[in-house]
Amino acid sequence: PEQVIELLSHNYKAVAQMANLVAEWLILGGVKVTNVQAMVENHLKEMILKTFDPKKADTIFTEEGETPAWLTAMIEHPTWRSLIYRLAEEYPDCLMLNFTIKLISDAGFQGEITSISTAAQQIEVFSRVLKTAISGFLTTSDDWQKSIDECGKMVCHGQHTYVYSQVLLHVLSKETKGGSTMKRLAQEITKCAQQEHDVTPITMSLNGAAGYPQACQALSSMMSRNTLNPADITVLYRNYNAPDPPPIDLIRTPQFLELLVDALFRPGMKLNPEHKPKYVYLLAYATSVSESTLYLRKEDRFG
């Protein structure tokens with residue numbers, strides 16, 4: 001016991017006690033308690049950011065075998081949640097941090113998780129963040145475009161987040177109530193993704209084009225290159241001029257419609273007079289025909 005006492009007396013630094021003492025002095029000196037608390041917390045955050053060791057952090061679970069009570073209490077405070085977000089950005093493979101992010105999401109703070117790379121690590125967390133983003137899009141009326149941009153940026157973080165989100169929106173677009181809004185959001189997200197990636201295969205797989213190989217190949221070819229060509233337009237014209245045409249949604253893709261409009265109306269665009277009626281037909285068909293009228297004869301479709 002004497003040796004233990006001697007070792008403690010010579011080596012114990014009492015850092016926490018000294019910090020508390022300095023804090024008390026500051027309060028006695030007239031500094032507000034909230035300001036002192038912020039000073040201590042911010043300094044502690046900086047120290048943790050400098051010295052954090054993900055391997056040691058992961059041993060917390062191997063040693064304790066369950067969620068530490070202090071960790072549950074820690075995520076109740078905004079200061080420490082923001083610290084977890086920053087650490088999770090720097091150490092995406094740390095099991096302890098990923099688990100803590102899930103705890104934060106489970107506690108209802110998913111709206112704070114603005115880092116997409118952090119949310120994308122776990123499907124449960126990403127699903128909640130996506131739900132929050134979609135809800136924001138549905139309830140926003142003032143800055144609608146900003147809401148779309150934020151949602152698009154999140155969904156387009158990676159291929160897995162894009163596919164997952166688009167499949168979810170595709171299912172929601174089938175709903176009677178709000179389905180058209182979800183479809184519009186999906187189209188805007190596709191437009192966002194097209195700025196840096198070719199997402200045509202994903203788009204075509206969701207709209208059922210695989211069941212119509214000729215139309216699918218023609219559309220895929222033009223959309224992947226983002227340009228129209230007479231050969232593929234002719235293929236589509238023949239398909240949609242047939243007694244049993246493919247679904248109308250295939251050619252109602254915004255990208256394809258924009259290409260048609262540009263080809264027909266943009267100044268300086270030159271079309272072969274032989275093929276121009278086919279462009280006009282496809283644009284007219286896409287904008288005026290409904291699935292409920294497809295049983296009509298071809299000459300009655302636009303009547």
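Guide: Rings of Phe, Tyr and Trp pair if their centres lie within 6.5 Å. Keep in mind that this model is predicted.

Visitor: How many aromatic pairs does a search of the whole structure find?

Guide: The search covers the whole structure. The count of aromatic pairs is five.

Visitor: Are the rings of Phe-52 and Tyr-91 stacked, edge-to-face or tilted?

Guide: Their centres are 5.3 Å apart. Planes under 30 degrees apart count as stacked, and over 60 as edge-to-face. Here the planes stand at 45°, so the pair is tilted.

Visitor: How many residues apart are Phe-52 and Tyr-91?

Guide: Phe-52 is in the loop between helix H3 (33-51) and helix H4 (54-64). Tyr-91 is in the loop between helix H6 (78-90) and helix H7 (95-106). The pair links distant parts of the chain, 39 residues apart.

Visitor: Is Phe-52 buried or exposed?

Guide: Buried means under 20% relative accessible area. Phe-52 has 17% relative accessibility, so Phe-52 counts as buried.

Visitor: What kind of aromatic pair do Tyr-237 and Tyr-281 form?

Guide: The distance is 5.2 Å centre to centre. The angle between the planes is 80°. Over 60 degrees counts as edge-to-face. This pair is edge-to-face.

Visitor: Which helices does that pair of Tyr-237 and Tyr-281 tie together?

Guide: The two residues are 44 apart in sequence. Tyr-237 lies in helix H15 (residues 230-240), and Tyr-281 in helix H17 (residues 276-288). So the pair ties together parts of H15 and H17.

Visitor: Over which ring does the charged end of Arg-81 sit?

Guide: The charged end is 3.7 Å from the ring's centre. The ring belongs to Phe-109.

How values were computed:
Residues are numbered from 1 along each chain as its sequence is written. This is a predicted model: local features need pLDDT of at least 70, side-chain atom pairs count only at pLDDT 80 or more; totals for chains, interfaces and linings use all residues. Side-chain values use heavy atoms; hydrogens and water are left out. Rings of Phe, Tyr and Trp (its six-membered ring) pair if their centres lie within 6.5 Å; planes under 30 degrees apart count as stacked, over 60 as edge-to-face and the rest as tilted. Helices (H or I, at least four residues) and strands (E, at least two) are DSSP runs, numbered from the N terminus. Buried means under 20% relative accessible area, exposed over 50%, partly exposed in between (1.4 Å probe, protein chains only). A charge sits over a ring if NZ of Lys or CZ of Arg is within 6 Å of the ring centre and within 35 degrees of the ring normal.
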